Amino acid sequence: MMSVINLPKIGVWRDLSASRRREALIGYLFISPWMIGFVIFFLGPIIASLILSFTRWNIVGDPIWVGLDNYATIFGEDLRFKKAVEVTLTYSIFYLPLEVACGIGLAVLMNLKLRGIGLFRTLFYMPSVVPQVAAALVWVWMLNQRYGVVNTLLKNVGVQGPNWLGSPSYVLPSLIIIALWGVGGSAIIYLAGLQNIPEVLYEAATVDGANFLQKFFRITLPLLSPTIFFQLVLGLIGVFQTFTPAFIAAGETGGPLQSGLFYMLYIYNRGFISLRMGYASALAWIMTAFILVVTVLVLRSSRYWVYYETDRSRNK
Amino acid sequence: MMAEATFRQPTTRKALLDERQIELVQKILGYTMLIAVAALLILPLYWMISTALKSPRQMFELPPVWVPNPLEFNNFVQVFQEVPFGRFLLNTIIIVALNILGELFAVTLVAYGFARIRFPGRSILFLLMLSTLMIPYHVTLVPRFILFAKLGWINTYLPLTVPAFTGSAFLIFLVRQYMMSIPFDLDEAAYIDGATRFGVFWRIILPLSRPALVLVVVFTFVGTWNDFLQPLIYLNDPNMFTVSLGLSFFQGARETNWNLLMAGSLLATIPPLILFFIAQRQLIGGISIEGLKG
């Protein structure tokens, strides 16, 4: 990432010649759409959101300053907040490792040097192109307790299928299955990582008599760790933003016993159904702070388990 | 990994045969796994299509019918009669088209500015732009809603389209990286011939950036077409709904007609799928770039 932003120093305005100033002005003109958008749709709303989080406001009338009341309520007596955090974290703990494992597994399959592999790559990637609403809907239908194809297939192998989206303990597993269906999207990124691993390493390992598993754990996995790391950070941020599948499959209020009350769904409920703008802003800020802290922790921990080829590039 | 077998030195004829047999077994094993996984991943799509072609009676038959008989193509007509699905499609196409237009306009200009024009503060502004990618969008959801409500934009397409004209940070990053790889000699030669900065942008950089622009179109199309949360928040009038939003209301409306719902879902899936097939090569290449930036 750092190499991307290392640009040559240009100097400050007063040191520039007339033609350089002209160039700079043109430059600002070119990037002005983004700058305008940044101020109006990003910076402004972020500041507004922080201020709003200290108010009570139902959008009509004026916001009432309540200080830290929203935060006190959220951490003190808000049971739905606790539920939303619990649901989102439980889901992350199970889903993220599964996503990495299935993503890599799929990528290894996609990387097999067999005839017609292109067709399989396409087939594996296809589900991740299906719109989230359509994907969630087909799974709701497939997971139907009585008429669903999933329970029919389970019955064929002698298993009594559960009432997937109707029973609190199976809502999260259902949502994990739905999300894993689209794992081809991250598999493509792992595939790119796999293809960057020099073939020589495998050949050398083969000469030394390494078997498939040894090669996978000693070569593939370490060299893939930067990609895994990148995917984990993105995945984590993604889970906290999960909304559509939960809304469609579990329902607007989070399903039976709110077992599918994802954090984002809770913000939506507070902000756009009960119209408590201040409270919803406070919820959003807590989440953002949490994501930033976790991201920094993951970044910090990365040097212990992510292998970067820095030494090699230094010798070039 | 399949080639590794040839690396060992076959000493006898018998050993050579064994290597070939191993290779064959590996091949069979490979294809078996590929086919099994493919079948698993294609099943939901198959089930969507199969349900979309069932009559109401066959839909609830037990055990479930795998191949509907007769094929009820009429379901696809009925979707348009039961709900204003034609409207949904048209609305979505309008919103998607405006988003593509907006992103193409803003992303190319901004990316060119960041890639090839020197101005004080460029690195800081670029870093600032990248940092916006790390902030989850839901922090701005509530204040953005309030902003658009105060502007009177609720139940219009403006909240869903205007922001595109300021460019998405991710797409700007993608195109900027691409523009950086175009040789600077081209610009220099054009300036000597008296070209303006906009001329260089329009005549040289833009045509050469075509592969990156295809990605902008694809990502914007898929992202906007699939978006659910924003239409849900900003649109109240069913006649203005997008396909995704319309489908979700169709689901909740009554005793669910799964055959019609699946027919609608299939119609919603086909456009992004077609686009994926058209742009597959560039799309997968582009995603690899994204994967490597970390």
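Chain B of this predicted model has a secondary structure of 15 helices and 0 strands. Of its 294 residues, 51% count as buried. Chain A and chain B bury about 9800 Å² between them, and the largest nonpolar core comprises 150 residues.

**Chain B overall**

- The accessible surface of chain B amounts to about 13800 Å², and carbon and sulfur atoms account for 67% of that surface.
- Among contacts in chain B with a separation of 6 or more, 70% are between residues 24 or more positions apart.

**Domains of chain B**

- Chain B is divided into two parts, domain 1 (2-52) and domain 2 (75-293).
- Contact between these domains involves 4 residues of domain 1 and 9 residues of domain 2.
- The two domains of chain B bury about 560 Å² between them, with 80% of this area on carbon and sulfur atoms.
- On the domain 1 side, B:M48, B:T51 and B:A52 supply 80% of the area buried against domain 2, more than any other three residues.

**Interface between chains A and B**

- Chain A contributes 97 residues to the contact, and chain B contributes 106 residues.
- Of the roughly stated total, about 9800 Å², 80% lies on carbon and sulfur atoms.
- A:F30, A:W34 and A:W141 together provide 9% of the area that chain A buries against chain B, more than any other three residues.

**Nonpolar cores**

- Within the largest nonpolar core, of 150 residues, A:F124 and A:F243 touch the most other members.
- Helix α4(A) gives the most to this core, namely 13 residues.
- The core also draws on chain B, taking at least three residues from each of domain 1 (2-52) and domain 2 (75-293).
- In soluble globular proteins, nonpolar side chains tend to be buried together.

**Helix α3 of chain A**

- In helix α3 of chain A (residues 69-76), the buried residues are A:N70, A:Y71 and A:I74.
- These residues lie on the same side of α3(A), because they cover an arc of only 95 degrees around the axis.
- An α-helix has 3.6 residues a turn, so residues three or four places apart point the same way.
- The cover over the buried residues of α3(A) includes α2 (18-52), β1 (55-58), α4 (79-110) and α14 (277-305), which belong to chain A.

- A:I237 is located in helix α11 (residues 212-240) of chain A.
- A:I237 counts as buried because its relative accessibility is 8%, and the limit for buried is under 20%.
- Beyond its neighbours within four places in sequence, A:I237 is in contact with A:I291 and B:M134.
- Between A:I237 and A:P45 the C-alpha to C-alpha distance is 20 Å, and the two are 192 residues apart in sequence.
- B:T224 belongs to helix α11 (residues 210-226) of chain B.
- With a relative accessible area of 17%, B:T224 is buried.
- Neighbours within four places in sequence aside, B:T224 is in contact with B:I95, B:V96 and B:N99.

**Backbone features in loops**

- B:L62 and B:P63 are joined by a cis peptide bond whose omega is about -10 degrees.
- B:P63 lies in the loop between α2 (56-59) and α3 (74-82) of chain B.
- A cis peptide bond also runs from B:N69 to B:P70, with omega near 0 degrees.
- B:P70 is placed in the loop between α2 and α3 of chain B.
- A:I59, a residue other than glycine, has a positive phi near 75 degrees.
- A:I59 sits in the loop between β1 and β2 (60-65) of chain A, and its relative accessible area of 17% makes it buried.
- A:Q258 likewise has a positive phi, near 55 degrees, in a residue other than glycine.
- The loop between α12 (244-250) and α13 (263-273) of chain A holds A:Q258.
- Is A:Q258 buried or partly exposed? A:Q258 is partly exposed, because its relative accessible area is 25% and buried requires under 20%.

Technical notes: Residues are numbered from 1 along each chain as its sequence is written. Chains are lettered from A and ligands numbered from 1 in the order in which they are written. Side-chain values use heavy atoms; hydrogens and water are left out. Helices (H or I, at least four residues) and strands (E, at least two) are DSSP runs, numbered from the N terminus. Buried means under 20% relative accessible area, exposed over 50%, partly exposed in between (1.4 Å probe, protein chains only). Contact means heavy atoms within 4.5 Å. The arc is that of the directions from the helix axis to the C-beta atoms. Accessible areas come from the Shrake-Rupley method with a 1.4 Å probe; for residues, only the protein chains shown count as cover. A nonpolar core is a set of buried Ala, Val, Leu, Ile, Met, Phe, Trp, Tyr and Cys residues joined through side-chain atoms within 4.5 Å. Domain bounds come from an automatic or database domain assignment. Buried area is the accessible area (1.4 Å probe) that two parts lose on being put together, summed over both.
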